[in-house]
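This briefing goes through selected local features of one protein chain. Please look over the sequence and the structure before reading the points below.

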Amino acid sequence: MGGGTSFPREPLDRSKVVIVTGGNTGIGYETAKWIAMLGAKVIIACRSETRAREAIKRMKEEYQEEKQKETNGIIQDGDIYVQFMQVDFASLQSTKEFIETFKSSGTKLHTLVCNAGLGLGPVEFTEDKNELVFQVNYLSQFLLAIHLIPLMECSDADDCRIVLVSSDGHNLAHSFNVSTIQGKQLTEESFESFRNYGDSKLYQVMQMYFMNRRLKGTNISVLSTHPGSVMTEFGRNMECSRTCCLYCFAYTMKFCHCLKTPFEGAETEIYAAIAPQLKGTRDVYYADCKPATTSSQSRNMENQEALLKVSLEMLKDYIPDDIVQRWSTKS
């Protein structure tokens, strides 16, 4: 559990725009709700409109309860601003459509919280022929980020941020091998769901490093976070027998007070997204709102650059030449 540090309860600029991917459930829900309650305009990017609408309704009800309690820092007038935009990160085409829709809206963007992710489940492949967890947790949200960075650079704000919600699970990743990251070689027999999840979280930490090298001198900084062990829908895609085992284990941990609530798990990513003292901070991985150590292989610059190169190749049909050129050039 955490050591008592949390995010600042201070009002945010009412013109600040924040996208939270996967903001309809779990730690993403708490992140979106609290950033909105502190005054920012929040856009939830997720797949299900029904679940998003239900989440927004619940956020507004909980905001009124917090207002009745006179909770420090939250806005006291009107209502919170939370909107839904549809995206399915299991589809690169859906991700690109989200990007184009957001760009055409003329809305500025100041903070992108890449929170959406899948946990444990059987081996599955997307319509793009990538292993599902790899694409949802890393590749599609990398595509999202590189398209939205130009908007953040033109936002007239001097403190824009990208928060990549990773995990200490990245320490459990396989040895980095650029030729196998898409997972095309995986079978039911060879698939290790815990380590596969760790692989996707390793790529997010590596992404932080290679993005910051190219964003040096801009108004954008990239941070990564570990939420801790949280009671969420982490295993919702697992087959029934494995899900039962996972949740028996999870409830045992909860009984022993080893699991965080979704709010406790969200505190670090909220901190990374809004804490004013982190302005300009780069290449820091936070756990319990404090800097933590990343794995040695995540810090391997050669592997970071190899990951970037292969990612750009995989996304070549979804990114224009100028973006490819920018990200192909090492600063």
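Predicted model: local features only at pLDDT ≥ 70, side-chain atom pairs only at ≥ 80, totals over all residues.

Ser200 is part of helix α5.

- With a relative accessible area of 1%, Ser200 is buried, because the cut-off for a buried residue is under 20%.
- A polar atom of the Ser200 side chain lies 2.7 Å from the backbone oxygen of Tyr197.
- Leaving aside residues up to four places away in sequence, Ser200 touches Val133, Phe134, Asn137 and Tyr138.

**Helix α8**
- Helix α8 covers residues 301-314, which makes 14 residues.
- The N-terminal end of α8 is capped by Asn300, with a side-chain oxygen 3.0 Å from the backbone nitrogen of Glu302.
- Buried residues in α8 are Asn303, Gln304, Glu305, Leu307, Leu308, Val310, Ser311, Leu312 and Met314.
- The cover over these buried residues includes α4 (132-153), α5 (193-215) and α9 (321-328).

**Cavity**
- There is 1 cavity of 30 Å³ or more in the structure.
- The volume of the largest cavity is about 60 Å³.
- Its lining consists of 11 residues, and Gly119, Leu120, Gly121, Pro122 and Val133 lie nearest the centre.
- By class, the lining of the largest cavity has 6 nonpolar, 4 polar and 1 charged residues.

**Second largest pocket**
- The second largest pocket holds about 300 Å³ of space.
- It is lined by 15 residues, of which Leu12, Asp13, Lys16, Asp159 and Ile274 are the closest to its centre.
- The lining of the second largest pocket divides into 7 nonpolar, 2 polar and 6 charged residues.

**Loop residues with positive phi**
- Most residues other than glycine have a negative phi.
- Lys129, in the loop between β4 (111-114) and α4, has a positive phi near 70°.
- Lys129 is exposed, because its relative accessible area of 56% is over the 50% cut-off.
- Asp156, in the loop between α4 and β5 (160-165), has a positive phi of about 65°.
- Asp156 is likewise exposed, with a relative accessible area of 70%.

Methods
Residues numbered from 1 in each chain as written. Heavy atoms only, no water. Helix = DSSP H or I, 4+ residues; strand = E, 2+ residues; numbered from the N terminus. Expected span 1.5 Å × (residues − 1). Buried < 20%, exposed > 50% of the residue type's maximum accessible area, 1.4 Å probe, protein only. Contact = heavy atoms within 4.5 Å. Polar contact = N/O pair within 3.5 Å; in protein donor to acceptor, adjacent residues only side chain to side chain. 1 Å grid on protein atoms, 1.4 Å probe; cavity = no way out; pocket = protein on both sides within 12 Å on 5 of 7 lines; lining within 4 Å. Points joined across faces, edges and corners; volume = space filled by probe spheres on them. Nonpolar A, V, L, I, M, F, W, Y, C, P; charged D, E, K, R; others polar.
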